[in-house]
Amino acid sequence: DLVRAGRIFCSGNGVTLNGQLFLAGYSEGAYATLAAQRSMEAESASEFPITGVACLSGPYDVEGTTTAILADARHRYMAYFAYMLVAYNDIYGWDKLDEIFQEPYASEVSELFDGSHSLDDVEAALDGTVADTITPEFRATFADGSAEDVLQAVRENTLLGWRPVAPIRLYHGTSDRLAPFANAVAARDSLGSQPGTSVTLYPVQGAGHERAIWLSLDPAFKWFETLRR
């Protein structure tokens with residue numbers, strides 16, 4: 001919809017477009033970018049002929065990332081992971097926050113994401129490890145596959161196993177602990193294995209989640225420049 005609105009604005013304000021469309025995003029935006037590409041190419045390919053896609057530090061393999069985080073008892077970056085679980089609990093109608101989170105987090109976690117708390121507030125409140133925050137029962141049922149509703153949700157939202165048409169470049173920090181580098185490898189391997197695709201992973205050596213964006217923007221932009229007419 002934003003692309004459509006942009007085209008209408010340009011048409012009404014004397015801005016000439018050349019017909020090319022580039023998609024790019026960072027972190028959650030990289031996930032949204034890849035999801036947008038999949039939707040555009042599957043449902044509106046003639047309206048959205050995509051030239052190139054650059055995804056920076058995104059969590060594309062939701063199932064793999066969730067599995068890795070829950071398996072790492074010492075994992076400490078809980079704010080974004082808790083945000084995902086609270087959102088899924090609401091969207092899918094699970095009503096199981098008390099099964100997922102240990103106390104005192106189970107009683108407080110929903111209010112942390114009511115829109116009135118900053119990221120610093122959330123991080124301060126969720127300052128424990130996975131072992132401190134998530135119940136052993138939930139970790140066990142996810143690992144053995146018996147948490148079927150949760151598994152179904154993360155699989156539904158995982159962006160693997162489809163055939164991209166436009167070329168994709170994935171830029172990802174090798175030391176990223178929020179969106180693990182392994183999940184970018186999984187995206188490259190899954191999407192790049194489809195026939196006729198071009199999916200390339202560019203590791204940003206030693207970079208974490210925040211630093212990687214500053215080391216990825218310039219090469220991504222320069223790649224777009226090579227494709228621009």
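Which residues lie nearest the centre of the largest pocket?

**Entry 1: ground rules.** I worked on a predicted model, where local features need pLDDT of at least 70, side-chain atom pairs count only at pLDDT 80 or more, and totals for chains, interfaces and linings use all residues. Residues are numbered from 1 along each chain as its sequence is written, and side-chain values use heavy atoms, with hydrogens and water left out.

**Entry 2: largest pocket.** I found Glu-28, Pro-59, Tyr-80, Tyr-83 and Met-84 nearest the centre, within a lining of 26 residues. A pocket here is an open set of points on a 1 Å grid over the protein atoms alone, where a 1.4 Å probe fits, with protein on both sides within 12 Å along at least five of seven lines; lining residues have an atom within 4 Å of a point. The space in this pocket is about 790 Å³, a volume being what is filled by probe spheres set on the points. I noted helix H2 (28-43), helix H3 (62-71), helix H4 (78-91) and helix H12 (209-227) as each supplying at least two lining residues. H4 gives the most, with 7 residues. Helices (H or I, at least four residues) and strands (E, at least two) are DSSP runs, numbered from the N terminus. By class, I read 16 nonpolar, 7 polar and 3 charged residues in the lining. Nonpolar covers Ala, Val, Leu, Ile, Met, Phe, Trp, Tyr, Cys and Pro, charged covers Asp, Glu, Lys and Arg, and the others, Gly among them, are polar.

**Entry 3: second largest pocket.** I read about 410 Å³ of space here. Its lining has 17 residues, with Leu-2, Val-3, Arg-4, Arg-7 and Leu-21 nearest the centre. Helix H1 (2-12) and H2 are the elements that give two or more residues to this lining, and H1 gives the most, with 6 residues. The classes come to 7 nonpolar, 6 polar and 4 charged residues.

**Entry 4: Asn-89.** I next looked at Asn-89, in helix H4. Asn-89 is buried, at 11% relative accessible area; buried means under 20%, exposed over 50%, and partly exposed in between (1.4 Å probe, protein chains only). A polar atom of the Asn-89 side chain lies 3.0 Å from the backbone nitrogen of Asp-95. Leaving aside residues up to four places away in sequence, Asn-89 touches Trp-94, Asp-95, Lys-96 and Leu-97 (contact: heavy atoms within 4.5 Å).

**Entry 5: helix H6.** Which residues of H6 (residues 105-112) are buried? I found Tyr-105, Ala-106, Val-109 and Leu-112. The face turned away from the buried side carries the exposed residues Ser-107 and Glu-111. The cover over the buried residues of H6 includes H4, helix H5 (97-100), helix H7 (119-125) and helix H8 (130-133).

Entry 6: I noted a cis peptide bond from Glu-103 to Pro-104, with omega near 10°; Pro-104 lies in the loop between H5 and H6. Ser-27 is not a glycine, yet has a positive phi of about 60°. Ser-27 sits in the loop between strand S1 (21-26) and H2 and is buried, at 19% relative accessible area. Ser-57 also has a positive phi of about 60° without being a glycine. I placed Ser-57 in the loop between strand S2 (50-56) and H3, where it counts as buried at 0% relative accessibility.

Technical notes:
A polar contact is a pair of N or O atoms within 3.5 Å; within protein, one must be able to donate a hydrogen and the other to accept it, and residues adjacent in sequence count only if both atoms are side-chain atoms.
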